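User: I am new to this structure and would like a close look at a single part of it, with some of the surroundings for orientation.

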Amino acid sequence: MNGFPYLLLLLVIPLVGAVVVGSMKGAPVRTVKLVALGISLLVLVLAAALWIAHTPSDGGLQHTMSVTWIAALGLKFSLGVDGISLVMIALIALLVPIVIGASWEEKLPEGRSVAGYLGLLLSLEAAMIAVFAASDVFVFYVAFELMLIPMYFLIGAYGGPRRAYAAMKFFLYSFVGGLLMLASLIGLYVTSKDHLPGGTGSLDWETLKSIAHQIPESTQMWIFAGFAIAFAIKAPLVPFHTWLPDAGAEAPIGTGTLLVGVLDKVGTFGFLRICIPLLPAASSKLAWLIILLSVIGIFYGGLLAAGQTDLKRFVTYTSIAHFGFIALGVFAFTTQAMTGAVFYMVAHGLATGLLFLVVGMLTQRGGSRLISDYGGVWKVAPLLGGMFLIAALATVALPGTSSFIAEFLVLLGTFAALPGWGVAATVGIVIAAIYMLWIFQRTMTGPVRGVGVLGSDSDGESFLPSVPLPTTSGWSAGSVDHDGHGDTVTRTMTIAAEARKRFPDLNGREIAVLTPLVVLIVFLGIYPRPVLDVIDPTVRSTISQFQGQATDDVTVGQTGGGK
Amino acid sequence: MSLLTAAPVETIVAPSVDFVAIMPVLILLGAAVISVVVEAAAGRKARYPLQVGLSAVAILGAGAWTVVAGSKSHFAVTLAGAISVDQATYVMWGILLALALVSVLLMADRVSEPGGAFVAQAAARIGSARDRTAALTATPMQTEVFPLTLFAISGMMVFPAASDMITLFIALEVLSLPLYLMCGLARRRRLISQEAAVKYFLLGAFASAILLYGIALLYGYAGSLRFADIAAVSQAGGRNDLLLLIGMALLVVGLLFKGSVGPFHSWTPDVYQGAPTPVTAFMASCTKVAAFAAMLRIFMVAFEPTSWSWRGVMWAVAIASMLIGAIIGITQTDLKRVLAYSSVAHAGFLLLGVISLSEKGVSSTLFYLLTYGFATIGAFALLTLVRSGEGEAPHLSAWAGMAKKSPVLAGIMTLFLLSFAGIPLTSGFIGKLTIFTAATESGMAPLVVVAMVATAITAFFYLRVVVLMYFAAPVPVTGGVDDSETVAVALPGAFTMIVIAVCAAVTLLLGLLPSAVIDLLTVHFPLLS
């Protein structure tokens, strides 16, 4: 242990906070929320301090600490951050207070307490930080599994109508992945005995990294399979993705934001942290498979997103498409692509986080998740519409937003190494533009309509078709078919005014919650250096270690053959 | 070649007895005998405190002796080679006694079920006038369950220490016969309880006969009943292997039956369901320990040299057990049956440790038995608290909305279920980790993958209970035996409270900081014989 124990505190504070908040069932709701918010802000401050204390030029693990945990098995409790995990921890620390702020007035299901909700949220934060801060594969696994439990209860107890189903599906998918990972982890542990002095196994990341090139390729393949399936389920890559739309759609908004924004990144992070450095031979052998799944995911996620009728499911499908980009960047094995992928993990967290929160604010007002229940929201709630636009544009990676930098780097790096896949992935951008603009057009522009906006009591359907388009949104003119009603801008105005009464625009709290995300998206879109500087050295060392080992493999293979 | 060490002797020499080594067994047997006398001689009022006190003191005394003798490494093969007391034996005894103590406390509770879980007059015909008055007046519970338990524990202690076949068989009978009786002692739902007892007895009798036949064939093969001799003869070879193989198969079937390993598990769900819940807890933990500990010794000592011949079969048995338990468990609607099938699946996991045939395999199996035993007893203890008018309400629907009725109970139950599922930071996870590591090291990686799949399936039915407790609204019981009865959570008596607290504490502690216990349970070879 050296220096200030940032990482330990980053785990302990939210954990203690979770216990404190969780036990405040009797306290006034406002106090509970303030305490939870205070704790999450404390974590944010600590994460900021960690960022400042981090030496960007060093690509290895920093702020490491290690305590013997289970001596009988030679397992340690080790923590440490490198550039990649640092940015993810910062993202978590940033998103949690925002999510707490966004859930401030969320209606919980009957009989559920705010204290329980926020307590689970904070324990989820602790588990997520632990995943990224783990420098021992065993600790990583434990945190990976523990993350499930608060998330399971958050979805199952506080979610939408099909919450029990969604929670079960989420848990079982992740748990199956986790168990396969456990099998691989045991395999890695047993294999490490053959290659470590003294014949004692280890799951320490640095130790395993140093012997990674000695593990025979056939063994690596099996171990890789378990890890890769676990991460592919978590990420999720396409054949393993079906849990995400259900879980994302049923989760309460704050939880869903963390699920899509952070939790899923554990999958791609796992590829970066475990598969590539520890199993280099298998990673290069099977990269084509992951890349194939990624590109399929880009298309499949995009097309399905376009076909969704449910707003929250829509966001999760867009995320599946974006995870394709991230995984593609990771397995292209170029510095640019991998840096882009890591940056994408952050950018996607910000952009999709924003989108998910805005969608949440929209559905909370309208009481419906159906896309068809909304129309012309921009006229009723211009700020909400504006935020939706920003989120949508950030999600489709418009230049000037952080996602653009990320996507550009990924594609640039992929072109250099795998031009064919790069071309294919680029087409995905077009799909993204289509689904995003289309949904924006359907919900935000056009005439004010839909039960979500007008309320179910108003006799919307009968007079809606007759409402003429306002001149301001001429670019959606083709979407609604009219036979013109003569007079009536005033008519429109009255409907909008009526709707405004039950469909208020963003309030101060909501603006305050969304603003940091917007600022960061734009700031990092224009000036990504601060984050790239942190990511780049770690990516470089990962790549050089990977390539070094790839060449080592050849020599080891030759000498091995000579014996 | 010293094939015939057991050459006929002219005169019968009394075998030497190492009393220090076998004292824990003697303490329990002595207590059991005294307990019978108490049952006959003491007054009705005095019986209950006397019996509970005697049982607890006997188990604690035996446990203390085990700890002291074990820490002094007092190892011996005694009673003419019938019993081996080595480090493994002490570890097995320690686990067994710890679980037995908790089980006995659960049996002794008379608060959650007024008058205790056991019928006042087991001999009264069900539904007869005598039976009804006995049930209505809720007289102090029949305390004959305590001597029976003590005899069963003694048998369980001898079972894994047995070093020849006859001792093994006798120990098996000593542990089984009281259990058959205890299954039929339920105060409520006496028909199903007696049905369980009869089923267990009939199937158990067959299993004993099969085992005995196996022993006979093995004797025919080796000319000796001692494990070590069988090993030596089979290593030397040159005899009729058919006898060995058939004998081994029959013997192992008998043992697998006791351990409720699928596909020899068919008695398990019915008996677990029908038996009084404390007895179920006792069987699910202690009988399993005894059966698997005995298997460890037999496989390690007697059959290790011929592992090539049976390992493939045991692979198949392990896979069958894991998958049967996991898959059929999904369809169960009665929590006791769910736990029964879960125990079949866990038996499959345990078998992985047994057939690893390594120090690590033995140690991890014993650790797993400890963790599984405590979690199981805890789960059954919680089950005794959820009641409707007609006694316990084990139907799954009775657990709907439990988190609102009794958050503490739901929370602890969740802990046990997560431990069964093997979620990190619970003891069940460490157990799985150690056992699967040992299996992988012994080259059984494919079996470990199957075990992972089975674990995932079992997680489904554990989670279903969690879903019911946390996410479902409380509904009146439907479809169960107790239609239209409302479900209530009884306040636990002091004994049950202690049991639950201890089990929960052990489950958490062995999940967080298992190192010391793993070290303590680590068995070093060779096993004596």
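What share of the contacts in chain A with a separation of 6 or more comes from residues 24 or more positions apart? Please then look closely at the side of chain B that touches chain A.

Analyst: The model is a predicted one, and in chain A residues 24 or more positions apart account for 79% of the contacts with a separation of 6 or more. Chain A holds 24 helices and two strands, and its C-alpha atoms fill a box of roughly 90 × 60 × 40 Å along the principal axes. For 563 residues a compact globule would have a radius of gyration near 24 Å, and the 24 Å of chain A agrees with that, while 61% of the residues of chain A count as buried.

Turning to the part you asked about, the contact between the chains takes 26 residues from chain A and 24 residues from chain B. On the side of chain B that touches chain A, at least two residues each are supplied by α17 (427-441), α18 (445-471) and α20 (515-521) of chain B, and α18(B) gives the most, with twelve residues. Sorted by class, this side of chain B has 17 nonpolar, four polar and three charged residues.

Chain B also has an open, antiparallel sheet of three strands in the order β4-β3-β5. Because β4 (391-392) and β5 (488-489) of chain B stand at the edges with a single partner strand each, one side of each is left without a neighbour in the sheet. Strand β3 (residues 386-388) of chain B pairs with β5(B) in the antiparallel sense over two bridges, and B:V386 has B:V489 as its bridge partner in β5(B).

Methods. Residues are numbered from 1 along each chain as its sequence is written. Chains are lettered from A and ligands numbered from 1 in the order in which they are written. This is a predicted model: local features need pLDDT of at least 70, side-chain atom pairs count only at pLDDT 80 or more; totals for chains, interfaces and linings use all residues. Two residues are in contact if their C-beta atoms, placed from the backbone, lie within 7 Å. Helices (H or I, at least four residues) and strands (E, at least two) are DSSP runs, numbered from the N terminus. Ala, Val, Leu, Ile, Met, Phe, Trp, Tyr, Cys and Pro count as nonpolar, Asp, Glu, Lys and Arg as charged, and the others, Gly among them, as polar. The radius of gyration is taken over C-alpha atoms; the globule rule is 2.2 Å times the number of residues to the power 0.38. A residue is buried if 20 or more other C-beta atoms lie within 10 Å of its own, exposed if 12 or fewer, and partly exposed in between; C-beta atoms are placed from the backbone. Two strands pair if DSSP finds at least two bridges between them.
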